[in-house]
Amino acid sequence: MADVKLHGFWYSPFSFRVIWALNLKGIPYEHIEEDRFNKSPQLLQYNPVYKKTPVLVHDGKPICESMLIVEYIDEIWPHNSLLPADPYDKAQARFWVKYVDEMFSGIAAHFRSRSDEEREKAKEIIWERLGVVEDKCLGDEKKFNGGDTINIVDISLGSFVKFIEVQEDMFEVKILQSERFPRLKLWFTNFKDVPIIKESTPGQEKLVAFLKPLIEKIMAKERMASLN
């Protein structure tokens, strides 16, 4: 049996992606919980460039960056395929994965907003990007981007939308408005109701209770650093 270990944070949307991919394929693995403020020597050894999670270690070999890990998992364990077989469809899937990854900067800006005006501006940017996903990525009313089964785009987008949900509760804002994004709301309901996804995702209250003080701590450290 292959030796599979995942270094990550239980609350991270990037770790969610890898966990979902492993669980959708039924791959047993060991989860090694890292401390954001005191990362293990193993993590720093496995990812010396970015020093970030998640890192998948397969038979002693590390793979970094969440969506590269998901693609690696799909190639090593090809059952329950997450990437389309057709080269054109595969290229389109990779396009949308990249597009979703670029949206995380908007979420980060929303987290770090120090005023209502900054937060409103960040929300407008998120809305603009989500509108493209609504119209161009989810426009044909398929249950998932992959049709009847979850694919790599669903995994990428699901982690992003889950984190928006958390932000909505943390800051008491409404980003995922049903009247603005009906397809996206329906898609996410379908996605998070898949048993493996539901079982692999921490509860909303637990995430909000943990992340709110964590974000405040990170922002306080950034403010202190900017003054030095």
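**Exercise 1. Find which residues have the most contacts inside the largest nonpolar core, and which elements build that core.**

Solution. Keep in mind that this is a predicted model.

Step 1: Start with the core itself, which has 64 residues. Those with the most contacts inside it are L56, L130, I152, L157, F160, L184 and W187.

Step 2: Now look for the elements that give two or more residues to this core: strand 1 (4-8), helix 1 (13-24), helix 3 (66-76), helix 4 (87-112), helix 5 (116-137), helix 6 (152-171), helix 7 (182-192) and helix 9 (204-227). Helix 6 gives the most, with 10 residues.

Step 3: Zoom in on L56. Leaving aside its neighbours within four places in sequence, L56 touches V4, K5, L6, V18, L22, K61, P62, I63, I69, Y72 and I73.

**Exercise 2. Decide whether helix 1 is largely enclosed or largely open.**

Solution. 

Step 1: Check the length. Helix 1 has 12 residues and reaches 16 Å from its first C-alpha to its last, close to the 16 Å expected at 1.5 Å a residue.

Step 2: List the buried residues, meaning those under 20% relative accessible area. In helix 1 they are P13, S15, F16, R17, V18, I19, W20, A21, L22 and L24.

Step 3: Conclude. Because 10 of its 12 residues are buried, helix 1 is largely enclosed by the rest of the structure.

**Exercise 3. Describe the largest pocket: its volume, its closest residues and the make-up of its lining.**

Solution. 

Step 1: The space in the largest pocket comes to about 930 Å³.

Step 2: Its lining has 29 residues, and S12, F14, R36, K52 and F104 are the closest to the centre.

Step 3: Helix 1, helix 3, helix 4 and helix 9 each give two or more residues to the lining.

Step 4: Sort the lining by type, and you get 17 nonpolar, four polar and eight charged residues.

**Exercise 4. Work out whether S81 is buried, partly exposed or exposed.**

Solution. 

Step 1: Locate S81 in the loop between helix 3 and helix 4.

Step 2: The relative accessible area of S81 is 40%. Buried means under 20% and exposed over 50%, so a value in between counts as partly exposed. S81 is therefore partly exposed.

Step 3: Look around it. Leaving aside neighbours within four places in sequence, S81 is in contact with K25, D74 and I150.

Definitions and conventions. Residues numbered from 1 in each chain as written. Predicted model: local features only at pLDDT ≥ 70, side-chain atom pairs only at ≥ 80, totals over all residues. Heavy atoms only, no water. Core = buried A, V, L, I, M, F, W, Y, C linked by side-chain atoms within 4.5 Å. Buried < 20%, exposed > 50% of the residue type's maximum accessible area, 1.4 Å probe, protein only. Helix = DSSP H or I, 4+ residues; strand = E, 2+ residues; numbered from the N terminus. Contact = heavy atoms within 4.5 Å. 1 Å grid on protein atoms, 1.4 Å probe; cavity = no way out; pocket = protein on both sides within 12 Å on 5 of 7 lines; lining within 4 Å. Points joined across faces, edges and corners; volume = space filled by probe spheres on them. Nonpolar A, V, L, I, M, F, W, Y, C, P; charged D, E, K, R; others polar. Expected span 1.5 Å × (residues − 1).
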